Amino acid sequence: METVGKAVPRVESREKVSGLARYANDCQSPDQLHGWLVTSPYAHARIVAIDCAAARALSGVHAVVTGEDYPVLTGNFLADRPPIAFGKVRYFGEPVAVVVAETERLAKHAASLIRLELEPLPVVRSPSEALKPDAPLIHEELGAYRTFGGALPVPGTNICNRVRIRKGDMEAGWAASEVTVEGSYAFNTSDHAAMEPRCSIVEAMPDGTIEVTTSTQDPFILKRLFNRFFGADQAKVIVRAPLVGGGFGGKGSVFLEYVAYLASLASGGRPVKINNTRETDIVSAPCHIGLEARVKLGATRDGKLTAAEFTLLFDNGGYADNGTIVVQSAAVDCTGPYRIDNVHCDALAVYTNHPYATAFRGFGHLENHFCIERTMDLLAKKLGLDPLELRARNAILPGDTTPTQAPLNRSNLGDLPACIAKLKPLIRWDEGDRVAVDRDRIRAKGYACIWKTSGTEIDTGSGAFVTFNHDGSMNLSVGAVELGQGNRTVMAQLLAERMRVPVDRVHVMLAVDTQVTPEHWKTVASCSTMNVGRAVLDAADDAAGQLKRNASLVLGVPEGELDYDGGFVFVRADPDKKLSFASLMSGYMDANGSAIGEPVLGRGRFRVHGLTTIDPETGKGVPGEQWTVGAEAVEVEFDTRDCTYRLLKAVSVIDAGKVINEGTARGQVTGGMSMGLSFASRESFQYDPNGVVLNPQLRAYKVIRYGETPEYVAAFVETPYADGPYGARGISEHGTIGMPAALANALSVAAGVELNRLPLTPETIWRCAAGKD
């Protein structure tokens, strides 16, 4: 292959490094107004009164909007969340009003004049607390809320979704177990910490047209949701998504778009921009889900897994949002990439008075893998087996089935044993897991195996358009959003490879405009390369067929006898008889001025097939197209005196099916490893007893920094996925998934104590070692 597999530079690099790249907050218009959120200082409280008089009296303030002005409930799967709170607030930082003014500074000042009268209510601080019989109900009207598939709320409780997986015979599985182990695990909610805070601009025009410019991963879903909750005509909802400065799932929820829309309605339809501060982005916007879990494994004495039981209590925060489907995603792959014939899993999405949860890189898999991979290490220790050997003995293989009983083959699964084998020399497995450096320092290694299905909704589809310029170069338009993951470059490579031209002959539209861009479901789930990529190849084939059809008319040769390469269509038996793409792109014009043929417009489409819903009682079903497997490891140097440690090395070996762009693939996996280690080692919301977030800025919410990172090694196995473009499968989240477990496993070996709670700060380790936690 000439282009696929090569490390082609990112097509948007020049714009980004020169500062010319446009993001949502770069968009301005002369009549644009600015909004500022007023947020709740309480995690749970009844709204008694909101005094807006002083704010409204300021010159230059156009509107102050409260939830009582527009008491609508929204939600992707369960309609439980008002864009602006009314009746009561359910988490610290929840918007209770928005001020609209001529300038952002004025809006901020006016917001400070608003006086809130709130009556504090009892705070629910964890999923286990929320499930107690006497726990306060966060949503008293849960049974009356509308659902849209994917959520099974339990009225009269704090459960907004439940997922059950039942596979095999648990009684027989436990009877065959000669050894059992159990572990309990927990971590708080946390932030996505994307470089770009959320920003939305909405103009609600008098004729019903709604123009939205926003930092989103879901521009096309927004059209449906505005229709569902506000009765907007989808044809009049125009969403523009420029480049997005990181999302990691957090911009896959609708948040500011609704608020800015209501603000525009209240301001005579003028466009209103709301640009989050970092503090607001951390505490008011949807966050990374938290978890309390118990895992029990059974095995024979030689290490064969016989049974597994999971109880996963997810901290969904004050509202359901996408957390409900995160819970399902965790449950359907709960076993990790291991063959276990007898599985019992109960996964609950539980309301608490924390910021509400949405997707986060790994979509439930980072969370469940922390639990299963820690328990695998407990089992290896009890059996006296090497932890990587235990994983290899139980690696899931073609012919096995998933926890939902979906059948697996070499194509849709890949090769986990090959990943483990490739990992061993990269992490120097033969040296052992624990080596004393000196009297006080220990080097230790931890392992994790991973898998993830790129689960999409059943109605998922993607499109692609290819047009030609008069020099024969091509323009490509696709609906996936460029979040920094490099999908525009990959799409250019796929088109160039299929059309057999250099990649610099392909120009890709960077932004998405739902009025002209072909639809794509969402830019989530590691599915852009697979789904949009297949639409690009279909569009390329369509364009190539049209070029050959035009050439056939000119050359007088049947289309089947023509081929193309290097920007020319030629006769296969006589390659000197050829015509350029440039001469054929709008039909062919002869020297005498006569024309023949038609303009070339390549149209590509792809729709996911073969998926099913899962049975609500057993979980049986096919929730994804394919499973990407991998093996990961982390090496640390631990100081026994103060429980501090250095990250030395992190390794991921992923079965990518086919690497389309070696550079961006390594960047994706490396970035994922860094994100997973940052979350595992330090990232967490800190709450006071009243549910107030104590670290709502990056000064206090610490992410991993330059100089703290280890040596990263990203490597690949290639077992082609038959339905992927040139065999590719999704890999963008997978570097993240195993890092928390691998780090916890390494530090547990080093410290000699089982570390089952994140983040793994020196204080956490010291408390565990001292028996204080």
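**Cavities, core and buried residues in a predicted model**

Helix α7 is mostly covered, with 9 of its 10 residues buried (buried means under 20% relative accessible area, exposed over 50% and partly exposed in between, with a 1.4 Å probe and protein chains only). The buried residues of α7 are Leu256, Glu257, Tyr258, Val259, Ala260, Tyr261, Leu262, Ala263 and Ser264. Helices (H or I, at least four residues) and strands (E, at least two) are DSSP runs, numbered from the N terminus. The model is predicted, so local features need pLDDT of at least 70 and side-chain atom pairs count only at pLDDT 80 or more, while totals for chains, interfaces and linings use all residues. Residues are numbered from 1 along each chain as its sequence is written, and side-chain values use heavy atoms, with hydrogens and water left out.

Phe226 is buried, with a relative accessible area of 0%. Beyond the residues up to four places away in sequence, Phe226 touches Ile210, Val212, Gly231, Ala232, Val237, Glu257, Tyr258 and Tyr261 (contact means heavy atoms within 4.5 Å). Thr74 lies 152 residues from Phe226 in sequence, and their C-alpha atoms are 9.6 Å apart.

A search of the whole structure finds 4 cavities of 30 Å³ or more. Here a cavity is a set of points, on a 1 Å grid over the protein atoms alone, where a 1.4 Å probe fits but cannot get out; lining residues have an atom within 4 Å of a point. Grid points are joined across faces, edges and corners, and a volume is the space filled by probe spheres set on the points. The largest cavity has a volume of about 60 Å³. Its lining is formed by Asp191, His192, Ala193, Ala194, Glu196, Arg198, Gly247, Gly250, Lys251, Arg278 and Asp281. By class, this lining holds 2 nonpolar, 3 polar and 6 charged residues (Ala, Val, Leu, Ile, Met, Phe, Trp, Tyr, Cys and Pro count as nonpolar, Asp, Glu, Lys and Arg as charged, and the others, Gly among them, as polar).

Strand β9 (199-204) and helix α7 (256-265) each supply at least two residues of its lining. The lining comprises Arg198, Cys199, Ser200, Thr214, Ser215, Lys251, Ser253, Phe255, Leu256 and Glu257, with 3 nonpolar, 4 polar and 3 charged residues by class.

The largest nonpolar core has 124 residues, and those with the most contacts inside it are Phe310, Leu423, Leu743 and Leu747. Helix α10 (residues 365-383) gives the most to this core, with 9 residues. Such a core is a set of buried Ala, Val, Leu, Ile, Met, Phe, Trp, Tyr and Cys residues joined through side-chain atoms within 4.5 Å. Not counting residues up to four places away in sequence, Leu743 touches Val634, Val636, Tyr645, Leu647, Leu677, Ala680, Ser681 and Leu760.

Two loop residues complete the picture. Ile731, between β32 (711-717) and α18 (734-737), counts as buried at 14% relative accessibility. Leaving aside neighbours within four places in sequence, Ile731 is in contact with Ser526, Thr628, Ile654, Ala656, Ala665, Val669 and Phe716. Thr517 lies in the loop between β23 (512-513) and α15 (528-555) and, at 5% relative accessibility, is likewise counted as buried. With residues up to four places away in sequence left out, Thr517 touches Phe220, Ser477, Val478, Gly479, Met509 and Val512.

How values were computed:
On a 1 Å grid over the protein atoms alone, a cavity is a set of points where a 1.4 Å probe fits but cannot get out, and a pocket is an open set with protein on both sides within 12 Å along at least five of seven lines; lining residues have an atom within 4 Å of a point.
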